[in-house]
Amino acid sequence: MPRYEYRCRSCGSTFEVSRPMAESSAPADCPQGHDDTVKLLSTVAVGGSAAGAPAPQAGGGAGGGGGCCGGGCCS
C-alpha cells in the first residue's frame with residue numbers, strides 16, 4: 001500500500017499515512033489531533049545498480065536535445 005507524506009500546518013510536524021491510491025487525496029489528521037494538514041510531494045528513491053551502466057549526465061548526456069523537455073526549448 002502506498003505511503004503519503006503530510007505536514008501539519010498547526011504544529012509543523014511531518015508524518016506518513018498508508019492508504020490505497022483511491023484515497024490519496026483524502027484529508028489526513030495530524031497524530032497530535034490537528035486537522036489542518038497538507039500533502040507533500042515525495043521523491044522516490046530507487047536502489048540498486050546496473051553493472052557497467054554510465055551515470056546519468058545533466059543536459060541529457062548522449063546528444064539528447066534541449067534540456068527542459070527534450071524538444072529544443074532550452075539550449
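This is a predicted model: local features need pLDDT of at least 70, side-chain atom pairs count only at pLDDT 80 or more; totals for chains, interfaces and linings use all residues.
Strand β1, residues 3-8, runs antiparallel to β2, and the two are joined over 5 bridges.

Next I recorded the whole sheet. I found an open sheet of 3 strands in the order β2-β1-β3, paired in the antiparallel sense. β2 (14-18) and β3 (37-39) each have a single partner strand and stand at the edges, so one side of each has no neighbour in the sheet. From one strand to the next, I noted an average twist of 35 degrees.

I turned to Cys 30, which I located in the loop between β2 and β3. Is Cys 30 buried or exposed? I noted a relative accessible area of 4% for Cys 30; this is under 20%, so the residue counts as buried. Cys 30 and Cys 8 are 22 residues apart along the chain, and their C-alpha atoms are separated by 6.0 Å. Beyond its neighbours within four places in sequence, Cys 30 is in contact with Cys 8, Cys 11, Ser 13, Phe 15 and Thr 37.

A polar atom of the Thr 37 side chain lies 2.5 Å from the backbone oxygen of Ala 28. Leaving aside neighbours within four places in sequence, I listed the contacts of Thr 37, among them Tyr 6, Arg 7, Cys 8, Phe 15 and Cys 30.

Key: Residues are numbered from 1 along each chain as its sequence is written. Side-chain values use heavy atoms; hydrogens and water are left out. Two strands pair if DSSP finds at least two bridges between them. Helices (H or I, at least four residues) and strands (E, at least two) are DSSP runs, numbered from the N terminus. Axes are lines fitted to C-alpha atoms, for helices over the stretch in contact, and angles run from 0 to 180 degrees between N-to-C directions. Buried means under 20% relative accessible area, exposed over 50%, partly exposed in between (1.4 Å probe, protein chains only). Contact means heavy atoms within 4.5 Å. A polar contact is a pair of N or O atoms within 3.5 Å; within protein, one must be able to donate a hydrogen and the other to accept it, and residues adjacent in sequence count only if both atoms are side-chain atoms.
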